[in-house]
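Dear colleague,

I am handing over the structure below, and my notes on it follow directly after. Please read them with the coordinates open beside you.

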Amino acid sequence: MKKYDAIIIGAGHNGLTNAAYLARAGLDVLVVEKNDYIGGAAASRQLHNGFWYSNCSYVCSMMRQAIHRDLDLTKHGLVLVPYLGTVGFADNGDTLISYHSEGPEYNHLRARSPHDADAMFRFQTDLARYAQLIRKTLLRTPPDPTSFRPRDIKELIFLAREFGTLGQKEIYEYIRFFTMSAAEFLEDYFEDDLIKAAMASPGIIGTALGVYSPGSAYILLHHVMGDVDGNIGAWGLARGGMGAISKAIAGALQEAGGEIMTEAPVKQILVTNGKAVGVILENDEELHANIVVSNLDAKRTFTKVMDKKDLPPGIYDKAKNFKIRGSSGKVNIALSGLPKFTNVPDNRYINRGGQAFLGSLETMERAYDCWKRGTWSEDPFVESVIPSAWDPTVAPPGQHWMSNFIQYCPAELADGPWTPEKRDAFGQTVIDKIERYSPGFKKLILHAEIRTPHEIENEVGLTEGNIFQGELTIDQLLFNRPFPGYAQYRMPIKNMYMCGSSTHPGGGVSSACGANAAREILKDLRRKNTVPEDDCYDE
Amino acid sequence: MSKIKDPFAGERLKETPFHPRQSALNLRNAWSSWNGYLFADCYYEAEYEYFCIRNQCGTYDITPMQKYEISGADAEAMLNRMVTRDISKLRKNRVTYVCWCTDEGRMIDDGTIFMLTCGSPSLAWLRKSSFGYKDVTIKDLSDTVAALSFQGPTSCEVLKKMGLSKIDTLKPFGIKHFKFKGGKLMVSRTGFTGDLGYELWIDPKLALDLWDALYAAGEDFGIQPYGETATNMARLEAGFIMPEMEFNEALKTIHFQHDQTPLELDLGWLVDFKKPHFNGRNALLREKEKGTEYMLTKLDIQGNKPAEESFLYSDKACTKQIGYVTSAMWSPVVKANIALAMIKTKHLDGDIWAEINYVKELRQLSKMAKCTVMKKPFWAPARAKATPPGPY
């Protein structure tokens, strides 16, 4: 029977990236995927004629440019297009428009609050300062602070040196920042409620935290530290939807001789004498390999596809308690025309970008209260993008699809399990909310795909539908991700690794987790490293 | 009393026939000039406009380009003597890209022949080149033809929607004629972006009608005007040369051999030594035999700092200078740090290092980056050559 050098479980973008770099080092690799399509949560799916939904992740800014370039993803069909013009909506119908250039942006903010217009410069500068430090850690393996191995010491020195580039005041602020709430952090900069709400909203996306919960400030940073072609904080769309990213990486993988097997759900990782030796599929087929790499989240890996007896004590409990709470939903809507929004000038630069239905900090916190009680938010925070306004390939001309990300939606409801009726009722809540800001919106709807954490877990495999494969709080970041002592992609079973977003640097479609894991695997095999260095060090 | 209404009239630039629409969309008031015309650097933001070219579609006003009609029994012979390429095989309704040189083989300009178009005024040189030919008439159409370059992946769909029948059968460098509002519209499948695209040629009186028809059809296809900055990005990715960047026009070059030859500019494929005598032939033949001193080269450069105006060296320690960068940028679509550079031919096979200077919050910094020679254009999507080109 054939024995692969490595089997990677899950053809999400990180699994494919990991496999591509292993294949480029000459390894014989196989990626096994449970679905009949690849991409995991970076997928484009045609569920209604002519409309291609990015049905999980929908925008992109953290994708490591160095990987895009190194794997020649453009040649394999990937083009990232920046989009612009996001509008924030307040409960009272007020709008906050994000203009693409400094002058108009300043004027617009000044009309709301001259103080905040000035403070915005300081805010953006401070965020950029924090972000550039974190950015430099993305394509690196976190050091183990308890180890005295030279490479860990070297890496700690690197971190210390980067930290040392900050001034004394900034170092204090930075440490505070990691444990602050988004709302508290913003209090120091802004007075206007809508501006505060708009700036706070990235702090709750994908996380079971509210704007007033400690730790949400870091989530905010996580969402603004990406870039598109060096424009830090900008967001882009993958032409053809997020599936274009996975497809391009798969192209690079196949070019290097790697294989992908779809409709091959893994039942269990095979372990013999404390070593991973392959996988058993749901159909009981055994596939053997010298190395097994799991791109599944940490909880799923250790509690669903491994035999408890194969695990050293403690790991199972760590995985069971891994914080990966489901808190968001997604509603993808096909529209017969471009929706118009109240109080938004109808021009190509503004009415084509994103919409953030914010309400206020208060509204967002109330939405979180619903989640805590085990119901979906009655008046949720919704972040929307209309990719088809930018991408001619994802909807018929003149028609559009709208991606709506909803915070909050619990994985488990207080009144019993999710049902199709409850799912549809959740979707209706979202549609009703958009209709409030876009009268006539409902009449444009041709098709809708409603996804609660329940659907996302069952289709994609993310535990509780958590978009980051585990929450991005300080207890689960850097050398603590996924668990303290296991942040260097090696797992407690020999020859077993993890490469998904449960590992450093976490979710956000960066390809960094998969690439970092490949670097570690190649090091263990004493193979030449194929993973490039990041290109952000001289920023 | 003075009859002069506007004392500054002579200072003001001419406006192209598309100006009323373009000025309404030039939100940044970013204008410069080209051949005496007011000409947009950008309308909204260069990178946004660049992405219209690569992702959707956009228009670029090429009215200021110089256009000449050369007619008469000797017209072909005269042009064939002037340009380096053999145009005697050029069929009706086809366009060809050419360049022309001084007797010393130094490049004067490049352009296309269907009528003759080029970046700089060339009437005097055309007259000089027609010396000895009896039946040649040269007509300057520069101010009498309005022209719009219309580029991008959705451009064919928009023209189809505008009602230009069978436009999708038009091959690259082909020409089609259409009736338009009682006048004539000429469409060539040409452009300066390396992507799918067309150029539309029309009577200035119908220019605004054309604009309105095009923008109505393009509404759902992301149509947007783009300016010089975006054009310059797109052409560099396509590997196209630009006057005053890659070459100094020979007739405007003061210092000896600070101009270039087509061979140095990697345009050897435009020079046909098999055809009868043409301007610069002997000098170019000599150069071909001897080998060029410099060669225009496409570079992929480490890192992401554009190597603008960089010197090139054969080693990291900068002991031997071997050339200089002519154009450089970060390519958003390819995700590569690209450049065109003039490099001494004999050093092309060795290591090439660029000394890149950049500024970080007012501090001047410098770094060395390894360069790789690229043979093919950085960006050449299949749709640019496909017929029919597809919807996007």
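Please keep in mind throughout that this is a predicted model. I began with one residue, Gly88(A), which stands opposite Leu96(A) in β7(A), and which also stands opposite Ala356(A) in β16(A).

These two pairings belong to strand β6 of chain A, residues 86–90. On one side, three bridges join β6(A) to strand β7 (residues 95–97) of chain A, and the two run antiparallel; with strand β16 (residues 354–359) of chain A, by contrast, β6(A) pairs in the parallel sense, over five bridges. The hairpin formed by β6(A) and β7(A) has four residues between the strands, and within this hairpin Gly93(A) takes a positive phi near 95 degrees.

Turning to the interface, I find 23 residues of chain B in contact with 21 residues of chain A. On the chain B side, the largest share, four residues, is contributed by helix α2 (residues 46–55) of chain B, and the residues of chain B that touch chain A divide into eleven nonpolar, seven polar and five charged.

With best regards

How values were computed
Residues are numbered from 1 along each chain as its sequence is written. Chains are lettered from A and ligands numbered from 1 in the order in which they are written. This is a predicted model: local features need pLDDT of at least 70, side-chain atom pairs count only at pLDDT 80 or more; totals for chains, interfaces and linings use all residues. A residue is buried if 20 or more other C-beta atoms lie within 10 Å of its own, exposed if 12 or fewer, and partly exposed in between; C-beta atoms are placed from the backbone. Two strands pair if DSSP finds at least two bridges between them. Two residues are in contact if their C-beta atoms, placed from the backbone, lie within 7 Å. Ala, Val, Leu, Ile, Met, Phe, Trp, Tyr, Cys and Pro count as nonpolar, Asp, Glu, Lys and Arg as charged, and the others, Gly among them, as polar.
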